[in-house]
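Thanks for coming, everyone. Let me put the model on the screen, and then we'll walk through it.

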Amino acid sequence: MTNILTIDVGSSSMRGCLFDPSGSILLSASRQYSMQSDDFVQVEMEADIFASSLHAILTGISRGAAERGYSVDAVALTSQRSSILPLDAKGNPLHPIIMWHDKRSAPICDELSTYHKDIYGICGMRPTPVFSAPKMAWLRRNRPEIYKAAHKLVGIHDYLLFLLTGKMVTDTSLASRTNLFNIQKLAWSDDLLRIFGLDKEKLCEALPVGGICGTASTTFAAECGLKNGIPVISAGGDQQCAALGLGVLEHGAVGINSGSGSYVIASSDRPCLDPQMRVLCNVSAVPGKWIVEGSVLSSGLVYKWFKDEFCPNLEAFADVNECCSFSPPGARGLIMIPSLSGKGAPYWDPQARGSFHNISLGTTHADFARSVLEGIVASLADCLEVVREVAGLDKFSSVTCAGGLTANELYNHIQCDTYQTPLRALSSAESTTRGAWISASVTLGLHAGYAEALALSISREQTRLYEPDPAAGVVYGRVREARRYIYETLSMRRVQALLSGEEPK
């Protein structure tokens, strides 16, 4: 009996789940943490936060497993993507982690505007402050002593693999989120390294996604109570694993994962590039496949912001959800632009900011709450349309969704009615950890293929099915057109220039 411990590293928490060979969760543990930033331009975290969280989760689950007579036979890791950390040759951090939310590299991305199409054509992503290479270039320009001293520039995923195995490696799915990886050749691109002015020797070796990248080191295994020499599998980036856990396996399948950010992901048998560079193409968690991805940079974070700042007397999200239900579809004309930390697909504007529009004396607190959910879903609908187009699909027969926000019934109804497509919502928020387990179980030979492992693990999952309401769809269609007009007409760069006293461009 082979039990696999999966570690899912998110932006606000790290979660570990011990799976049995049938895909059932035997034990779980988590650690919460938070990003510290005054302006969400500079966003950093100390590497020790992730190291201590990993140690605590592995120790807690290994002890719990021993008490119950369970074995821990392998570790599979999936993680958030595109943050960077400089390490010396011994693996010591030289600087705090520059998180994927950090926007200090925005000017560098602007400077490279003439190269955007060339970059996109190689790696499937236009340069934005979200991704790794602009951050690395910022570090070289602004912290040259740190850049020079760095033996490797790693992601959070790579750092945890190093702590587990002593090896500085990554996998092809994580590498494809750096702006430096050729997604056709599955290799680091010398051309992209030249454009960004970076040194190849500072990058980790990119191993095939889903492969065994090493075994738990003797010291680390002993500290955490793990068996010496158990295999460590790099299951892939968190959204690639979430897509796998949602059943996005075959060409044209689509899933939506709604957490701190939200992602629309379709599977493809080949790299799919968008001439307008509106969506991304990355290496899938399934070897030999790719994903087409559209992202809403802040969704759950926006809803949490609204709860904390506007509903201080409501302790639980369920209370905010109930408040939303007192407002009708369309929120009585109130329109929210949810780009509080910039705009992802299809506009890719790091300068974008959020706003409420069309407020009247008749606007209620419930309207504000509902408009936040409708704004998030409208942004996802924009992504869904472009992903469908780029993937070469006429339409989606249905959409499968998961993540924290899908615990909200109203949110799911808004999704279904906005997309005008049947919606299947998974009851648990474990699509990412399930995807990591599926990857590892196939690698270790527990199951013959990804579809078999998926079917087994998802068979006991409770699902909720939603059918679209055409009348509500008409309302949301009109509001989306108004929202698009507002966003495309209002220049946030000009607004911010005026507020700062600069000359508007």
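Ground rules. This is a predicted model, in which local features need pLDDT of at least 70 and side-chain atom pairs count only at pLDDT 80 or more, while totals for chains, interfaces and linings use all residues. Residues are numbered from 1 along each chain as its sequence is written, and side-chain values use heavy atoms, with hydrogens and water left out.

Start with the sheet of 7 strands. It is open, its pairing is mixed, and the order reads β17-β18-β16-β15-β21-β22-β23. Strands here are DSSP runs of E with at least two residues, helices are runs of H or I with at least four, and both are numbered from the N terminus. Two strands pair if DSSP finds at least two bridges between them. Which strands sit at the edges? They are β17, 280-283, and β23, 463-466, and each pairs on one side only. From one strand to the next, the twist averages 25 degrees. For angles, axes are lines fitted to C-alpha atoms, for helices over the stretch in contact, and values run from 0 to 180 degrees between N-to-C directions.

Now look inside this sheet. Strand β15, residues 254-258, pairs with β21, residues 399-402, in the parallel sense over 3 bridges. I256 has C401 in β21 as its bridge partner. Two helices to point out. Helix α13, residues 365-390, packs on the sheet and touches β15, β16, β18 and β21. Contact means heavy atoms within 4.5 Å. The direction of α13 makes about 155 degrees with that of β18. Helix α14, residues 409-419, lies across β15, β16, β21, β22 and β23, and runs at about 40 degrees to β23.

Next, the sheet of 6 strands. This one is open too, with mixed pairing, in the order β3-β2-β1-β5-β14-β13. Neighbouring strands are turned by 20 degrees against each other on average, direction ignored. Strands β1, residues 4-9, and β2, residues 13-19, pair in the antiparallel sense over 6 bridges. There, D8 has R15 in β2 as its bridge partner. Helix α1, residues 47-68, packs on this sheet against β1, β2 and β3, and its direction makes about 155 degrees with that of β3. Helix α10, residues 238-245, lies across β1, β5 and β14, at about 90 degrees to β14.

Backbone details now. Where is the cis peptide bond? It runs from A345 to P346, with omega near 0 degrees. P346 lies in the loop between β19 and β20. Two residues other than glycine have positive phi: S82, near 80 degrees, and R332, near 55 degrees. S82 is in the loop between β5 and β6, and R332 is in the loop between α12 and β19. Buried or exposed? S82 has 7% relative accessibility, so it counts as buried. R332 has 46%, so it counts as partly exposed. The cut-offs are under 20% relative accessible area for buried, over 50% for exposed, and partly exposed in between, with a 1.4 Å probe and protein chains only.

Last stop, L85 in strand β6. At 1% relative accessibility, L85 counts as buried. Setting aside residues up to four places away in sequence, L85 touches several residues, including A47, P93, H95, K152 and Y159. C-alpha to C-alpha, L85 and G404 are 28 Å apart, and 319 residues separate them in sequence.
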